[in-house]
Amino acid sequence: MSVTVRVPAKVNVQLAVGAARPDGFHDLANVFLAVSLYDEVTATPAADGLRVTCEGPDAGQVPLDRTNLAARAAEALAARYGRAPDVHLHIAKDIPVAGGMAGGSADGAGALLACDALWGTGASREELLEICAGLGSDVPFSLVGGAALGTGRGERLAELEVGGDFHWVFALAARGLSTPAVFREFDRLGEGLDLPEPVADQAVLDALAKGDAAALAVAVTNDLQPAALSLFPELSDTLAAGRAAGALAALVSGSGPTTAFLATDARSASDIAGVLRASGTCRDVRTAVGAAAGATVLD
Ligand SMILES: C[C@](O)(CO)[C@H](O)COP(=O)(O)OP(=O)(O)OC[C@H]1O[C@@H](n2ccc(N)nc2=O)[C@H](O)[C@@H]1O
Ligand SMILES: Nc1ncnc2c1ncn2[C@@H]1O[C@H](COP(=O)(O)OP(=O)(O)OP(=O)(O)O)[C@@H](O)[C@H]1O
């Protein structure tokens, strides 16, 4: 018997970042939108401890030891319920690795839900969200999906209404960016500045609620974008290529280096994807739709 869970990637349609806190994290106003690029995590009983395997185009970059967020999730759940984490976790990975799309977080949330179902622990939603928050700032959102405002370091979620489909194109970069390195660069660029408290932008929330892509396009912001571009200047060429191809908005996804392009509709998304593919400014191009459902057990 095994359990498979499907988990979406995310794009941040607003990422407002405050000053570094004493614990090293930054307070955020983080508006997450889940999109239809998915990892699948399968949990199968094992007699002899915890094992992680991974397949997919980026599988070689995924750690298979206890640092994998899927392994950490299984261990955290097992420890809480006083059982051994005897399980084989297999990750079918389609979300770009180190791309700013919460791929590792998705696997953490997926493994947690899969092990919960496999072991019949019957943990409450609140317990699962608490374990997720202990694994990483993006992990609770990977469980919940849809759209949500994350405050604190991004782990405290309020679900948001989404009134229609948003069509996206994602350009994958030739190399990854480390999330801590991007936050450090944010701190360096902002040294000496008095940063305001990050707050959610009502225009972003209204555009999401109405399903209005044109309104969302003028409202999207990402405070980490200057830091990501500073560490990876070639991303400006990708952004320019997508804008020239007719994207309503072009931005770095989260901490990057994946770049995200908002399109009017599915057809326009496919046209923009074609232009980006031919532009030579990225490694690969994907299209996706949001909002996508959060971590879901597959039959
Ligand atoms: C950039 C985003 O992806 C936007 O959704 C997230 O803020 C990052 O979420 P994540 O990858 O789950 O991050 P975590 O694993 O919690 O933290 C990794 C590192 O990123 C930095 N970090 C993360 C979140 C946050 N609010 N402030 C931070 O400064 C810290 O250096 C931290 O050590
Ligand atoms: N299951 C996993 N899948 C991918 N990377 C993982 C996983 N578990 C741990 N990692 C480690 O985390 C690093 C960041 O990978 P990940 O794909 O989660 O980045 P990301 O999508 O940029 O994250 P985020 O958007 O949440 O900041 C990887 O380089 C890898 O070393």
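Colleague: Between which two domains does ligand 1 lie?

Modeller: Happy to start there, with the reminder that this is a predicted model. The shell around ligand 1 draws residues from both parts of the domain assignment, so ligand 1 lies between domain 1 (3-160) and domain 2 (166-290).

Colleague: Which residues are the closest to ligand 1?

Modeller: Ligand 1 has 20 residues around it. Strand E1 (3-20), strand E2 (26-45) and helix H5 (179-189) each contribute at least two residues to that shell. The closest of the surrounding residues are Gly136, Ser137, Asp138, Arg153 and Pro180.

Colleague: How many residues of the shell around ligand 1 are polar?

Modeller: Let's go through the shell by class. Six of its residues are nonpolar and two are charged. The polar residues number twelve.

Colleague: How many residues of domain 2 are in contact with domain 1?

Modeller: The centres of the two domains, taken over C-alpha atoms, are 22 Å apart. Domain 1 brings 29 residues to the contact, and on the side of domain 2 the number is 36.

Colleague: And on the side of domain 1 that touches domain 2, how many residues are nonpolar?

Modeller: E1, E2 and strand E5 (147-151) each supply at least two residues of that side of domain 1. Sorted by class, that side has one charged residue and seven polar ones, while its nonpolar residues number 21.

Colleague: Let's turn to the helices. At what angle do H2 and H3 pack?

Modeller: A pair of packed helices is described by the distance between the axes and the angle between them. For helix H2 (residues 103-119) and helix H3 (residues 125-135), the axes are 10 Å apart. The crossing of H2 past H3 is right-handed. The angle of packing is about 145°.

Colleague: Which residues of H3 does H2 meet?

Modeller: H2 takes part through Gly108, Ala109, Leu112 and Asp116. Across both helices, the contact comprises six nonpolar residues, one polar and one charged. The partners in H3 are Leu128, Ile131, Cys132 and Leu135.

Notes: Residues are numbered from 1 along each chain as its sequence is written. Chains are lettered from A and ligands numbered from 1 in the order in which they are written. This is a predicted model: local features need pLDDT of at least 70, side-chain atom pairs count only at pLDDT 80 or more; totals for chains, interfaces and linings use all residues. Axes are lines fitted to C-alpha atoms, for helices over the stretch in contact, and angles run from 0 to 180 degrees between N-to-C directions. Helices (H or I, at least four residues) and strands (E, at least two) are DSSP runs, numbered from the N terminus. A crossing is left-handed if the near helix is turned anticlockwise from the far one by less than a right angle, and right-handed if clockwise. Two residues are in contact if their C-beta atoms, placed from the backbone, lie within 7 Å. Ala, Val, Leu, Ile, Met, Phe, Trp, Tyr, Cys and Pro count as nonpolar, Asp, Glu, Lys and Arg as charged, and the others, Gly among them, as polar. A residue is near a molecule or strand if its C-beta atom, placed from the backbone, lies within 6 Å of it. Domain bounds come from an automatic or database domain assignment.
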